[in-house]
Amino acid sequence: MSEVPSIAPVVIIGGGAVGVSSLYHLAKAGWKDCVLIEKNELTSGSTWHAAGNVPTFSTSWSIMNMQRYSAELYRTLGARVDYPMNYHVTGSLRLAHTSERMLEFQRVRGMGRYQRMDIEIVGLNDIKSRYPFLETHDLKGALYDPNDGDIDPAQLTQALAKGARDMGAKIVRFCRATSARRESDKWIISTDKGEIRCEFVVNAAGYRAQEVGRMFGRVVPMMVMGHQYLIFDEVAEIAAWSKEHGKKLPLLRDVDSSYYLRQEKTGMNLGPYERICRARWATADDPMPDDFSFQLYPDDLDRLEWYLRDAVERVPILARAGLSKVINGPIPYTPDGNPLIGPIPGVPNAFEACVFTFGIAQAGGAGKVLAEWVTEGKTEWDMWSCDPRRFTNYTDRQYCVDKGMEVYGNEYAIVFPRHIWPAGRNKKLSPLHERLEALGGQFGPYNGWERANWYAQLGDDTSERATETFRREGPWEKRVQEECLAVRDRAGILDLPGFSRFEVDGPGAREWLLSLITGVVPQPGRIGLGYFADDDGRIVTEMSIVALNENSYILITAAMAQWHDREWLEKHLTEGSGIVITDATADFSCQMVTGPASRAILSAVSDGDLSKEWLTHQSARIAGRDCRLLRISFAGELGWEIHSANADTTTIFDSVWECGKSHGLKPFGMFALDSLRLEKGYRTWKGDLSTDYTILQSGLERFIRWDKARFIGKRALVDEKRQGVKKRFVTLTIDASEYDAPYMSTIWRGDEIVGEITSAGHGHRVNKSIALGMVRAAWSEPVTSLEVEMFGERQKATVEADQALWDPHNERIRA
Ligand SMILES: Cc1cc2nc3c(=O)[nH]c(=O)nc-3n(C[C@H](O)[C@H](O)[C@H](O)COP(=O)(O)OP(=O)(O)OC[C@H]3O[C@@H](n4cnc5c(N)ncnc54)[C@H](O)[C@@H]3O)c2cc1C
């Protein structure tokens with residue numbers, strides 16, 4: 001048994017598949033003397049009992065990237081580190097009971113092909129020929145993924161451990177981290193075998209991540225579920241089939257019934273994600289034991305009965321197999337089911353690689369991503385879907401439990417574009433919430449804040465069921481159209497609680513901002529858009545900069561970017577600069593009043609000078625309350641944002657609403673705003689704007705001031721410009737009827753994939769299906785004919801001129 005070294009560049013806490021893969025990838029990146037500490041044996045957490053399925057399927061681009069990388073790594077790992085292991089690439093069949101499910105498969109197939117994976121859609125005969133024991137009478141078809149398979153999780157972990165050790169990394173088993181403290185810019189990790197001083201620390205403690213997080217003052221947003229799979233003895237037909245074909249049957253996922261069924265040696269392994277499920281260690285009277293290494297929960301089979309019956313109907317030979325073992329183990333969940341990989345919010349030099357629900361399938365990719373975070377401070381792929389900063393302060397214990405159970409019970413559910421999951425709602429309510437609800441508001445959460453997505457009228461179907469469709473049409477669509485047209489012809493009001501707001505004050509604030517953004521900082525009294533790039537010129541974020549005076553600015557950014565953007569600003573603040581950043585997000589609210597009648601409405605209720613031009617701001621009073629009027633409109637019409645203290649928001653709304661009635665003022669929601677901004681070509685953060693693209697690729701050169709002496713990303717952008725930008729942001733109009741293009745739909749030119757869609761929807765003012773996306777430079781010129789693959793069918797698309805489809809010269813917005 002090794003003793004702990006006193007110094008290490010990185011200490012990883014936790015020796016499951018993910019922690020060990022992180023160690024392996026750090027060593028591979030040249031950080032060879034990192035240390036992993038494990039309180040028991042390697043794999044003793046969730047890893048040892050995992051079923052070991054390794055899917056690549058995901059509806060998320062970044063998760064698919066991570067899983068694809070894992071599968072590729074596992075194919076060669078054994079030979080590379082000289083540690084043979086059982087990894088069977090069996091392929092898998094995902095069954096569809098409904099046409100909507102087939103659409104989901106088609107969509108994922110397109111994404112998979114873009115990631116160089118040959119996923120197939122197969123018909124009933126094909127299913128039978130690949131899996132002869134299956135009942136197919138009620139199926140629509142299936143998705144066949146040739147890359148799927150299963151691996152022995154313990155062997156995988158040991159292989160990664162051997163590879164890491166061979167490169168110089170150290171693993172100390174039976175060594176528990178007990179506390180952490182900061183001393184002279186270093187972390188001191190106390191363990192029951194002594195202290196380790198390190199530069200960076202990684203929480204890879206799996207279902208114990210919350211316990212380890214507390215050592216850093218962090219409440220990890222997570223909960224733990226009990227997940228079971230059942231092992232069945234040999235089935236003669238399966239044994240015979242395997243012998244004859246020299247391979248295992250493909251892994252089966254009946255996603256509409258919600259279980260996986262895999263050949264285990266010559267028997268079967270059945271793992272349901274049951275709808276009526278069970279949280280573990282979720283209440284004060286059920287605390288997590290101090291040690292649960294290599295332990296399981298008692299069998300809990302009643303909940304699985306329906307699934308067992310269903311599986312027997314699907315694969316009748318299963319009825320002849322005897323049940324030999326039940327595995328019921330802890331599996332951690334974040335509120336959205338994706339893991340946490342990246343910087344721990346507010347904690348320097350500390351990272352998370354924990355709360356993995358599919359940690360065997362994702363360990364390879366997660367190790368790569370984590371190592372990049374530590375060694376470079378950035379990742380190759382945009383990994384926002386797994387970034388710990390995507391959850392902020394609303395994720396209390398009950399929220400995590402409710403959401404975790406919801407995700408688990410719907411693990412295989414189709415993700416529909418307009419569907420809002422019902423658990424964990426109303427965490428943060430706007431002062432206007434009741435008023436908007438009375439107007440018919442149908443809400444959705446944005447960083448925990450409830451915002452109206454659309455306004456229903458009497459008789460509209462507002463059920464959850466109605467949103468379970470990929471089609472554009474739905475009860476909301478007519479209302480969204482009315483809302484857009486009201487904004488076009490009269491005026492609309494949109495409540496936007498939770499806009500992230502940072503106040504930046506201090507001498508030198510202007511110079512400091514100039515060094516962070518690619519472009520100019522607006523003059524006092526004006527508003528500008530600031531783009532923040534990383535060293536590679538890739539887009540970190542976008543903020544509206546409201547200049548109060550030379551030394552005071554308000555930065556406004558997306559609700560969900562709150563912790564991410566705050567951290568970016570704080571990270572670049574040098575000590576003693578005298579600049580102070582205040583996060584005032586929770587204190588203010590914002591209402592957007594926009595449309596040709598907005599000036600008349602606001603002149604009637606406010607003392608502001610509404611002749612001030614576009615991109616200016618001023619303090620004003622409405623109904624005796626202070627506010628700031630920003631002359632901007634993300635909807636692309638004449639308009640203002642009214643920013644006011646929360647306490648004043650209802651009074652201001654009532655005054656605007658009352659006066660607005662005679663001008664045809666209508667409330668509008670986020671769905672309408674999305675449609676309106678698409679027509680203007682305005683990008684959204686982490687949809688169109690992400691670290692997958694540079695500022696130049698995103699068509700934002702007008703926001704770069706090349707003559708500035710320095711700004712983050714300048715060198716990379718200069719190089720890119722010199723060499724020629726390889727892909728470009730475009731607006732496409734698509735000959736689409738029923739659907740708009742889903743995120744990451746592939747763009748084709750003949751037989752070649754030439755780009756991808758980053759956001760899309762229907763523009764009601766121009767009456768077109770619009771998509772924003774990235775296309776190889778050669779095909780990005782206006783009126784180029786392309787095709788967009790949507791749910792398996794290619795639709796004609798045209799590259800539009802590099803200007804907004806609506807009001808291209810901004811005449812309406814400047815009116
Ligand atoms: C029944 C079941 C079946 C599953 N099947 C699959 C599957 O088929 N495919 C798949 O991808 N995933 C599956 N999973 C999920 C998978 O098991 C986990 O996602 C994965 O094991 C997580 O790995 P990890 O390294 O993050 O965490 P863990 O394996 O839990 O490792 C964390 C480690 O941290 C250690 N630790 C904790 N606290 C400390 C401390 N203070 N100091 C030192 N060490 C500490 C623990 O001892 C533990 O070994 C399944 C889970 C269950 C329950």
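1. Let me begin with N349, which counts as partly exposed because its relative accessibility is 25%, between the 20% limit for buried and the 50% limit for exposed. Please keep in mind throughout that this is a predicted model. N349 sits in the loop that joins β18 to β19. Its backbone deserves a look on your screen: phi is positive, at about 50 degrees, although N349 is not a glycine. Most residues other than glycine have a negative phi.

2. You will find N767 in the loop between β35 (752-763) and β36 (768-776). Is N767 buried or exposed? N767 is exposed, because its relative accessibility is 58% and the class starts over 50%.

3. Now to the ligand. The shell around the ligand holds 38 residues, and the closest of them are E38, T47, N53, F356 and G359. Sorted by class, this shell has 18 nonpolar residues, 16 polar ones and four charged ones.

4. At S46, a polar backbone atom is 2.8 Å from a ligand oxygen. At V18, a backbone N or O atom lies 3.0 Å from an oxygen atom of the ligand. At G45, the distance between a polar backbone atom and a ligand oxygen is 3.3 Å. How much of the ligand's accessible area does the protein cover? The ligand has 1,000 Å² of accessible area on its own, and the protein covers 99% of it. As for secondary structure, the elements that contribute two or more residues to the shell are α1 (17-28), β12 (223-232), β17 (323-333) and α9 (359-376).

5. The second largest pocket is worth a tour of its own. Its volume is about 920 Å³. A total of 36 residues line this pocket, and those closest to its centre are P343, W373, R389, E567 and K571. Two or more lining residues come from each of β19 (350-354), α9 and α14 (562-571). By class, the lining divides into 16 nonpolar, seven polar and 13 charged residues.

6. Which element gives the largest share of that lining? The answer is α14, with seven residues. This helix is mostly covered, as seven of its 10 residues are buried. The buried residues are Q562, W563, H564, D565, E567, W568 and L569. One of them, E567, is also among the residues closest to the centre of the second largest pocket.

7. T334 is found in the loop between β17 and β18 (340-343). T334 counts as buried because its relative accessible area is 1%, well within the limit of under 20%. Its side chain makes a polar contact of 3.0 Å with the side chain of D336.

8. H97 lies in the loop between β4 (92-96) and α3 (99-114), and H97 is partly exposed because its relative accessible area is 22%. V89 is placed in the loop between β3 (87-88) and β4. With a relative accessible area of 33%, V89 is partly exposed too.

9. A last stop inside a helix: L156 belongs to helix α5, residues 153-166. Is L156 buried or exposed? L156 counts as buried, because its relative accessibility is 0%.

10. H97 and N426 are 329 residues apart in sequence and 33 Å apart in space. For V89 and P782, the separation is 693 residues in sequence and 44 Å in space. L156 and D648 are 492 residues apart in sequence, with 58 Å between them in space.

Definitions and conventions. Residues are numbered from 1 along each chain as its sequence is written. This is a predicted model: local features need pLDDT of at least 70, side-chain atom pairs count only at pLDDT 80 or more; totals for chains, interfaces and linings use all residues. Side-chain values use heavy atoms; hydrogens and water are left out. A residue is near a molecule or strand if one of its heavy atoms lies within 4 Å of it. A polar contact is a pair of N or O atoms within 3.5 Å; within protein, one must be able to donate a hydrogen and the other to accept it, and residues adjacent in sequence count only if both atoms are side-chain atoms. Accessible areas come from the Shrake-Rupley method with a 1.4 Å probe; for residues, only the protein chains shown count as cover. Helices (H or I, at least four residues) and strands (E, at least two) are DSSP runs, numbered from the N terminus. Ala, Val, Leu, Ile, Met, Phe, Trp, Tyr, Cys and Pro count as nonpolar, Asp, Glu, Lys and Arg as charged, and the others, Gly among them, as polar. On a 1 Å grid over the protein atoms alone, a cavity is a set of points where a 1.4 Å probe fits but cannot get out, and a pocket is an open set with protein on both sides within 12 Å along at least five of seven lines; lining residues have an atom within 4 Å of a point. Grid points are joined across faces, edges and corners, and a volume is the space filled by probe spheres set on the points. Buried means under 20% relative accessible area, exposed over 50%, partly exposed in between (1.4 Å probe, protein chains only).
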